[in-house]
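Subject: Structure handover

Dear colleague,

I am passing on the structure we spoke about, with notes on what turned up in it. Please look through the file before reading further.

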Amino acid sequence: MTDFARILIVGGGYVGMYTALRLQRRLRRGEAHITLVDADSYMTYQPFLPEAAAGNVEPRHVVVPLRRVLGGCRILNGWVVGVDPHARTVDLRPHGGPGRVLGYDLLVFAPGSVSKTLPIPGLAECGIGFKTLEEAIHLRNHVLAQLDLADSTTDPAIRARALTFVFVGAGFAGVEALAELEDMARDACAYYPTIEPGHMRWLLVEATDRILPEVGPEMGRWTLEQLRARGIDVRTGTRLLSALGGHLVLDDGAEFVTDTLVWTAGVRPHPLVRDSGLPLDGGGRVRATTELTVEGFGNVFTAGDCAAVPDLTKPGETCAPNAQNAVRQARVLADNVLATLRGRALRPYRHAYAGAVAGLGLHQGVAQIRGHKVRGLPAWFMHRTYHLSQVPTLNKKVRILVDWTLALFFRREIVSLGQLSDPRAEFERAVRAEREDMPEPVTLR
Ligand SMILES: Cc1cc2nc3c(=O)[nH]c(=O)nc-3n(C[C@H](O)[C@H](O)[C@H](O)COP(=O)(O)OP(=O)(O)OC[C@H]3O[C@@H](n4cnc5c(N)ncnc54)[C@H](O)[C@@H]3O)c2cc1C
């Protein structure tokens, strides 16, 4: 290893950012140079996306600017489109201009996961996932815009379509996103004279016979009852068959027409993993050792949603793809990168699942922590305090706390900024109108 080892981190999410933070704190001067590459310039604290979608916290407060927190690292933005672990290079495509080839001595490979979809007709055209800040902001604007439409139209079919909201997949992301958005929409109904909460139709479709498996069967059943008591139509053991043109067909025979189809039926490793040249398991995840190196590549480390890390607390199984593991793995991974640089022994990753907390809308939650079951207001409070303690940087903690405090005194904003996704529309309309007003050009002879 040269004096200046080149550490390259692919992915600036949970694993990438926390690894870089620890490395920049612990590396000795001149020991290594860290480069982190991500498509975005920020890390998203995904557990707060449902609250951002519901307007409980400002979307900017749930992301961490990488350049601000990683002053000791070089940050590059763009898509990594290829990895050659034998040549020790990574192909980067910045968001403009020519591509770059980045060399490394040690690679941390952490591109995470993407939504796992199925070849259901119409899904790609009508559906939206719930993994990114952009999706969360879009859904908030979209749900409110649907209320605007329903309140303004005289056509009952358009109104029914606008007031139908369907989520497929009842894990963490689906249940929390639906619960928070339904809570927001219920609140917003107060401002729409023709819409009562009972006029809206919220559906949760789940293929297995349980919801929120992360909190255990008993708490999952309790959550199901709570959602149904709120009027949410939860259908377990049910699959979506088709979504052509927003016409949804379920395998229990039900059919709905909607403009809101949120797909939260699990995740799969990022497509980059497939083309990385690294060894994969049956689920397409990178095969990791217990020390978080990649099998057969002592200079490549991996962790998080993209990696199959052996679970030392459950022999024969691999760690679940969640933030709980990602953050803890990042710590061990960073220490093992340092150990590799310094010629020391690596330590294995070992963490027993501690349980989970989930928010189900304002003042409602569910949790199972080390066998202790908590529900309602105490669980919601735990959900908030836990995630506040985990969200990176004091700056973000204070901003989120201020958002929550203001929400105690003022009602949440219910304005739909739908134009955000098409900011040039107004200007283009103005140009078109001016052209129409202009006289035909006169041809001079
Ligand atoms: C709505 C929601 C709520 C959740 N709530 C919880 C919770 O309460 N508790 C919990 O434990 N877990 C929760 N999770 C799961 C948790 O967020 C993930 O397990 C965690 O983010 C995984 O970390 P990661 O570093 O592997 O991936 P990510 O954090 O997703 O980071 C991957 C990074 O890689 C970048 N990237 C990917 N491909 C490329 C490429 N080709 N080029 C450049 N950059 C690339 C991405 O932009 C991203 O920044 C939730 C997830 C969601 C979606």
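The notes below cover the ligand site, then the strands, then a few single residues.

Please keep in mind throughout that this is a predicted model.

Ligand site

The shell around the ligand consists of 30 residues. The closest of these are Asp38, Gln46, Val80, Asp305 and Ala323. Sorted by class, the shell contains 15 nonpolar, 11 polar and 4 charged residues.

Asp38 contributes a polar side-chain atom, which lies 2.6 Å from an oxygen atom of the ligand. Val15 contributes a polar backbone atom, 2.9 Å from a ligand oxygen. For Ala323 it is again a polar backbone atom, and the distance to an oxygen atom of the ligand is 2.9 Å. Taken alone, the ligand exposes 1,000 Å², of which the protein buries 91%.

Which elements give two or more residues to the shell around the ligand? They are helix H1 (14-26), strand S5 (74-84), helix H7 (172-188) and helix H10 (323-341).

Strand S15 (residues 247-250) is joined to S16 by 3 bridges, and the two run antiparallel. Within that pairing, Val249 has Glu255 in S16 as its bridge partner.

A further open sheet of 3 strands has the order S23-S24-S25, again with antiparallel pairing. Here the edge strands are S23 (355-359) and S25 (372-375), and each of them pairs on one side only. The twist from one strand to the next averages 10°. Between strand S24 (residues 365-369) and S25 there are 4 bridges, and the strands run antiparallel. Ile369 is bridged to His372 in S25.

His363 sits in the loop between S23 and S24. Its phi is positive, about 70°, although His363 is not a glycine. With a relative accessible area of 41%, His363 is partly exposed. Arg370 is placed in the loop between S24 and S25. Arg370 is not a glycine either, yet has a positive phi of about 45°. Is Arg370 buried or exposed? Arg370 counts as exposed because its relative accessible area is 59%, and the cut-off for that class is over 50%.

Strand S6 (residues 89-94) pairs with strand S7 (residues 100-103) in the antiparallel sense, over 4 bridges. One of the paired positions is Val90, whose bridge partner in S7 is Leu102. S6 and S7 form a hairpin with 5 residues between them. In the turn, Gly97 has a positive phi of about 80°.

Strand S21 (residues 297-302) is mostly covered, with 5 of its 6 residues buried. S21 has a parallel pairing with strand S8 (residues 106-109), made through 3 bridges. In that pairing Leu107 stands opposite Val300 of S21. S21 also pairs with strand S20 (residues 293-294), in the antiparallel sense and over 2 bridges. There, Val294 stands opposite Phe297 of S21. S20 and S21 make a hairpin with 2 residues between the strands, and Gly296 in this hairpin takes a positive phi near 85°.

Val168

The remaining note concerns Val168, found in strand S11 (residues 164-168). Why is Val168 counted as buried? Val168 has a relative accessibility of 7%, and buried means under 20%. Val168 and Trp263 are 95 residues apart along the chain, and their C-alpha atoms are separated by 5.0 Å.

Regards

Key:
Residues are numbered from 1 along each chain as its sequence is written. Side-chain values use heavy atoms; hydrogens and water are left out. A residue is near a molecule or strand if one of its heavy atoms lies within 4 Å of it. A polar contact is a pair of N or O atoms within 3.5 Å; within protein, one must be able to donate a hydrogen and the other to accept it, and residues adjacent in sequence count only if both atoms are side-chain atoms. Accessible areas come from the Shrake-Rupley method with a 1.4 Å probe; for residues, only the protein chains shown count as cover. Ala, Val, Leu, Ile, Met, Phe, Trp, Tyr, Cys and Pro count as nonpolar, Asp, Glu, Lys and Arg as charged, and the others, Gly among them, as polar. Two strands pair if DSSP finds at least two bridges between them. Buried means under 20% relative accessible area, exposed over 50%, partly exposed in between (1.4 Å probe, protein chains only). Axes are lines fitted to C-alpha atoms, for helices over the stretch in contact, and angles run from 0 to 180 degrees between N-to-C directions.
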